[in-house]
Amino acid sequence: MSQPGSSNALIQDLYDDTEDLHKLLVLKCTTQCVEKDYHKFATSQPHRKLPNDEFRPWRRYLDKLSYLCDFERAGHTVAGVIAHAGRRGKTLTFATNCSQGRIRDMMLDHIKFVLRELEGSRETIDELVEKIAIESIELSRRKAEDYGDKLKRELKRIEKQIPKTANSNGTAHIYASRKASSLIVVVERKMLNSALNLLQGASSDPQRLCSTAAEILSRPEYAYLKKATGSRYINVRHFLGRLRSWHVASRYVVRYSKKFSRQIGGARVELLPHDMFHRGQTVTLPSNADDVLLWILGKHKQHFLPSLKGKLDFASGFLEKNCNTTSVTIIHAEAALAQWAYMNEIDFIFGDRYIGCSKPSCYACDMYLSRHPGDFVQRPRHGNSWFKWCPPRLIEKPDDRTTSRILRAMAVDIQEDLDATLAGKDLGKRQPFESTSGIETTIRRIHEAMTLQGDV
Ligand SMILES: [Zn+2]
């Protein structure tokens with residue numbers, strides 16, 4: 001962290017107006033962008049794994065329920081839920097950042113279907129898991145197809161990087177040694193070929209895409225390649241995991257539905273009306289990359305432009321792409337639920353002030369929840385920033401000093417974080433590949449086993 005007033009602080013003490021939060025989030029997005037590598041971020045806030053405690057299954061249960069009713073493609077929507085008890089009895093209150101009536105209705109119908117099945121089904125556990133997963137995948141067709149397309153593109157991209165034969169030269173930059181190289185090449189090509197063959201023909205059928213992903217994940221060559229080749233398969237792992245996620249979520253809610261039947265059984269289900277909050281702002285970014293940075297710096301720190309530009313050289317494509325664009329800021333589900341619960345003094349089930357969500361929280365939501373006086377439980381976070389983020393302000397509470405206080409605190413936190421990020425040595429660097437040292441024995445053993453089976 002840079003110290004206030006230090007000569008390295010480009011950003012700190014620059015903003016005291018909460019309206020400028022948007023500028024800070026644009027800059028945070030810029031620092032996180034690594035061009036041509038859209039799934040890797042030079043983030044200062046890595047994914048948080050929360051400690052195990054007695055509430056962990058309950059919190060995961062709420063996350064999985066939310067996941068099953070979030071149908072749109074990654075990043076487009078988030079669904080959240082609070083389980084509470086009050087005058088009107090047990091209730092699950094959901095929220096989504098999606099404003100389309102048709103999708104909101106589908107979401108509500110689907111979660112009622114899932115809860116009905118969990119309570120009243122006479123099928124076996126496996127049959128019930130399959131039934132809920134299939135219905136959820138069907139409603140999330142576009143999301144599954146999108147993951148499938150990205151998975152195939154990523155596999156083909158890696159395939160092009162791998163030499164045609166084990167004897168090809170020029171692999172030293174990829175692998176730790178020539179010995180490891182020749183063995184990995186054989187197994188890696190086998191895995192890539194079989195994965196692409198399996199995916200061929202499954203692309204127009206989301207159910208088959210999901211079962212194919214499970215098949216790829218179960219193959220022995222995949223299991224050790226992900227260790228052998230480190231972060232090269234980070235995106236492949238991500239998309240395979242996403243395609244399997246409906247079955248994972250379905251199994252989890254089926255498994256825990258009995259345990260939580262007293263808390264959830266017979267609960268009312270409702271969706272927060274999105275018009276209970278003030279609408280997001282329309283924001284147009286300046287027309288070229290330099291002007292975007294000048295807009296972020298404001299009048300008083302314009303002389304820092306060359307310095308900031310130099311640091312953000314790696315993100316020039318991101319700035320060019322987003323300049324001159326107009327967007328409307330969006331309220332995220334967990335922030336909306338937090339503010340609604342706080343203002344209405346909601347009585348959380350188990351007294352556990354956790355907000356379930358279909359995804360880990362973004363940079364701004366994580367900061368918002370941690371600065372909120374509602375004493376909410378920390379959520380998992382992915383740490384990525386979206387500059388269209390908007391604070392939730394309830395229309396029925398016009399004198400909302402709580403939100404103003406939270407935003408002021410967030411502005412201070414983000415400025416400190418930005419200065420630390422801009423001064424950091426990893427700014428704009430891709431994550432290095434993990435070392436392959438120490439894996440050669442394992443590779444040789446698996447290769448020998450495969451040779452004996454006639455697989456290679
Ligand atoms: Zn968020």
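Let's start with the sheet: four strands line up in the order β3-β2-β1-β7, forming an open sheet with mixed pairing. Two strands count as paired if DSSP finds at least two bridges between them. The strands at the edges, β3 (268–271) and β7 (356–357), each pair on one side only. Strands in a sheet pair through backbone hydrogen bonds, either parallel or antiparallel. Here, β2 (residues 91–96) and β3 pair in the parallel sense over four bridges, and L92 stands opposite V269 in β3.

| Helix | Strands touched | Angle between directions |
|---|---|---|
| α3 | β1 (79–84), β2 and β3 | about 160 degrees with β3 |
| α14 (residues 333–343) | β1, β2 and β7 | about 30 degrees with β1 |

A word on the model itself: it is predicted, so local features need pLDDT of at least 70 and side-chain atom pairs count only at pLDDT 80 or more, while totals for chains, interfaces and linings use all residues. Residues are numbered from 1 along each chain as its sequence is written.

Helices (H or I, at least four residues) and strands (E, at least two) are DSSP runs, numbered from the N terminus. The protein chain has 17 helices and eight strands.

Now for a helix pair. Axes are lines fitted to C-alpha atoms, for helices over the stretch in contact, and angles run from 0 to 180 degrees between N-to-C directions.

On the α3 side, M106, H110, F113, V114 and E117 meet L128, K131, I132, E135 and L139 in α4. Contact means that the C-beta atoms of two residues, placed from the backbone, lie within 7 Å.

Finally, pick out L155, which sits in helix α5 (residues 141–161). Is L155 buried or exposed? L155 counts as buried because it has 21 C-beta neighbours inside 10 Å. The cut-offs are 20 or more other C-beta atoms within 10 Å for buried, 12 or fewer for exposed, and in between for partly exposed, with C-beta atoms placed from the backbone. Leaving out residues up to four places away in sequence, L155 touches L192, A195, L196 and V236. Across the protein chain, 36% of the 456 residues count as buried.
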